[in-house]
Amino acid sequence: MSEITDTLETTMENPVAGIDQSNGNFKYDMTYDFDAGTGLNERTVDYISSVKKEAQWIHEFRQSALKTFFAKPLPTHWASKDLENINFDKIRYYLSQGQKPKRTWDEVPDDIKRTFERLGIPEQERKFLAGVEAQFDSEAAYSNIKEAVSKQGVIFMNSTEGLREHPEIFRKFFGKVIPTSDNKFSALNSAVFSGGSFIYVPPGVKVSHPLQAYFRINAENFGQFERTLIICDEGSELTYMEGCTAPKFSTATLHSAVVELVALKGAKIQYITVQNWSSNVFNLVTKRGLAHEESEIKWIDCNIGSRLTMKYPGVVLKGRKARGEVISIALANDGQHQDTGAKMVHAADETTSTVVSKSISVGQGRATYRGVVHIPRHLKGCKNNTECDALLINTNSRTDTYPAITVRGDRHAVQHEASVSKVSAEQIFYMQQRGLTEGQAMSLSVNGFVNDLARQFPMEYSVELKRLIDLEMEGSVG
Amino acid sequence: MALVSTDTAVAVPHVGSFTSAAFEKHLSGSPSWWHARKRAAYERFAALPMPTRTDESWRFSTISGFKLDGFVPDAPDLSGAKAAQVAFAIAAEPTLIFVNGRLASRNPLPESLSSRGVVVSTLSEAARTNPELLREHFMAQPQKLGSAKFAALHEAFIADGAFVHVPRGVEVTEPIVLIHSASGAGTAVFPHTLVIAEDNSKVTVVDHFLSNDQFGQFACGANDLYAGHGAKITYTAAQCWSLESLSMQFNSTVVRRDARVQSLNLHLGAKQARHESLSQLQAPGGFSEMLALTVASGSREFDQRTLQIHQAPNTKSDLLYKNALLDKSRTIFSGLIIVDPDAQKTDAYQSNRNLMLSEDAESNSLPGLEIQANDVRCTHGATSAPIDADQAFYLKSRGIPEKAAHELLIFGFFEDVLSRLESEELHSAIRDLIRKRFAR
């Protein structure tokens, strides 16, 4: 029997996954069949491995990652001291009702199904998606791909299943883009990962509609550690979208994902994230793509929720003429710190990368851009262009920019530009003159600020983003 | 390049040649009024760890280059002070010439200035004539850029330095030139210049740092500028130490209401150099213009760290650092603009341009912003690019050899900065120094 805890009074008219903050603020009380308990040690890892009936190599991989996690200090010499408020001993690392996702919504247990229905996932699936995976706490509750797409040879499943059913592909790429020891949180993920998507697109296949994953945290004091691995074989194309929500608890929740993308020769991957965790979630995610010759990886990363987000999607440009792009939108409201950015590592001739970041700080919110651009010796014809714009709404809003650019050699062109501004008083005055209220004028102006980026989102997302900005801007004036 | 650094290096206490025995010896030769302060500074120096790889303020630096071994503090000068011969190409005679940290010779100030109360003296003299001013301003600003240990070393071992005081409302038209030179292998020098421009005064000061020989020396210097309300300081530091030397310099600039400071740092010498520059805009209407030009060749490393702090509303800062990178040289520019919560109407700009002239050169840029007020205009930019191919082709097609063409284009690249100098004489003197640097 499940009880609904609901703090939401009005229902939103057009709920699209993950964008509206208040839309995700509800939870159902659940009983879990599998629970690794509270705290983290070797036994936690043994438990996860045995529940998933994993092969020996992956069990050893997890155990060694756990050692790395314990050995590494928190990166507080450059990152926010807020990280020290994560109590790793009070977190539950694995909660699920079973390891096998259902193929139809009818088979999904009622309480979980209700959650996703409220978030509008089945509806969207019918409307415009080629496949959906819905993760509830540690495991996927539902995973399905449209028949036409799977007939093309596209594999789309939960990473737990991927590991079991396609070990030959999985093992070849797993942990190769982001090594376990990359940082403390990638090590943590490598030790206790569960769920996430595994996608393989065969050569030449262009997946016409996006695949989507939806991540939901339901339990208190829970840590979600999904692991996503996407491989696009030569000349293939894929758009992948992920959304996420959690109910607001008074205690901290941890989300620490690792996402690895591999674009083989000439492939194109577009990865869209709309992060809308509740404001008690620490969102510490490592995302990186490996771009082979003439391939293209584009991250569209939109961060609206969470207490602290630290996420710097990266592209390692390994093949000649590979292209990397990061488009980042961050909105930081009271009590939030969006520490986002991009990493571009050029490792072949004539590789190009672009970073465009726009952040909005509202109230006492803090938005930070942190980036790395690295062009090593003996390459030629590499180009990077980075633009960061920050908009500060209130007098006590805060924004920071910390890029690091290393260029070796005289055959590259790199430029970085950043600016900080507030909404132009002239613009507001002009709009007020024409009968708009100050709040409406402010919303319009902020929407104008992100408009050229928001347009790159799929239609449903950009409409919602606009509406959300309107919501967040309410009451921020004055 | 990892955003999340993996290991913590263990900090080892390191004093190198600057042992407590060396310090006691130094102290016995310094005036007794200074002892207590120097002793406290030495204790700080000895207690502070050397910077490590995980120090953000030393990111990308070759920290091992700043090992403190093999240096001699208080080395006697055996060169016979040839410094004056290599002086700055401007008409004004250098007022003070220091060799190995001590005053070697001086030229009197014109009567017109001394009669109006302008003082250009050594710190030791100032300790007698202007003790209150010295107490208030000497090493009074915070070390925020990572070199607290080296600043403490400077204060512990400084032998003497220059003190420039311009009273309220006095305008000094001729530049005041100060020469700080070093000679002998392994000599450690601690040059110091303190400029105090009282309200509504005006002064131009040139610090010229140079070696009297080809040996490697260690220079650990400080220059502190204080501009009172409505004052105007134009300051140039020409760093021309020998190409084997190690240079560490801390600059601090305090800008009061409606004051204006323009500082230009020229980096031409040393094997490895680190320069830290802190501008504090403390009252409305203040303006700090921070300029730098660097010629990096061989396998030299130039590490520049800057901080523009806007502490009051309606202040302005403008930073332009240009580096020309040849051979296997490396440069690091790490700048930060901080706008305090109440500093509305701040106008801050920060720009680092790197001209890449070799395929083995490496530039690192870390232009940063920390903004806590919303009604501001803050912009920064960083670029790294080679010489424009069309420009190079144009010069080549007119028969200009590649090396000369590069030199011309480097001057063109530097012109943005040089043209900001008001004084034509200073402008051409600096061009002259850069030209000499290429001739070396």
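Reply: Gladly! The contact between the chains takes 47 residues from chain A and 40 residues from chain B. This is a predicted model, where local features need pLDDT of at least 70 and side-chain atom pairs count only at pLDDT 80 or more, while totals for chains, interfaces and linings use all residues. Residues are numbered from 1 along each chain as its sequence is written, and chains are lettered from A and ligands numbered from 1 in the order in which they are written.

Me: What makes two residues count as being in contact?

Reply: Their C-beta atoms, placed from the backbone, must lie within 7 Å. On the side of chain A that touches chain B, the elements giving two or more residues are β21 (337-346), β23 (366-375), β25 (398-408) and β26 (413-422) of chain A. Of these, β25(A) gives the most, with eleven residues. The names come from DSSP runs numbered from the N terminus: helices are H or I with at least four residues, strands are E with at least two.

Me: Which classes of residue make up the side of chain A that touches chain B?

Reply: That side has 17 nonpolar, 17 polar and 13 charged residues. Here Ala, Val, Leu, Ile, Met, Phe, Trp, Tyr, Cys and Pro count as nonpolar, Asp, Glu, Lys and Arg as charged, and the others, Gly among them, as polar.

Me: Why are β26(A) and β21(B) called paired strands?

Reply: Pairing requires that DSSP finds at least two bridges between two strands. Seven bridges join β26(A) to β21 (residues 377-386) of chain B, so the pair qualifies. These strands run antiparallel, and Ala418(A) has His380(B) as its bridge partner in β21(B).

Me: How do you know how α1(A) lies relative to α2(A)?

Reply: The axes of α1 (residues 42-51) and α2 (residues 56-71) of chain A come within 10 Å and cross at roughly 155°. Axes are lines fitted to C-alpha atoms, for helices over the stretch in contact, and angles run from 0 to 180 degrees between N-to-C directions. Angles under 35 degrees count as roughly parallel, over 145 as roughly antiparallel, 65 to 115 as roughly perpendicular and the rest as oblique. The angle therefore makes α1(A) roughly antiparallel to α2(A). Glu42(A), Val45(A) and Ser49(A) of α1(A) make the contact with His59(A), Arg62(A), Gln63(A) and Leu66(A) of α2(A). By class, this contact has two nonpolar, three polar and two charged residues.

Me: What about α2(A) and α8(A): why are they described as they are?

Reply: The axes of α2(A) and α8 (residues 184-192) of chain A come within 7 Å and cross at roughly 150°. That angle is why α2(A) counts as roughly antiparallel to α8(A). Residues of α2(A) in this contact include Phe61(A), Ala65(A) and Phe69(A), and those of α8(A) include Ala187(A) and Leu188(A). The contact has seven nonpolar, two polar and two charged residues.
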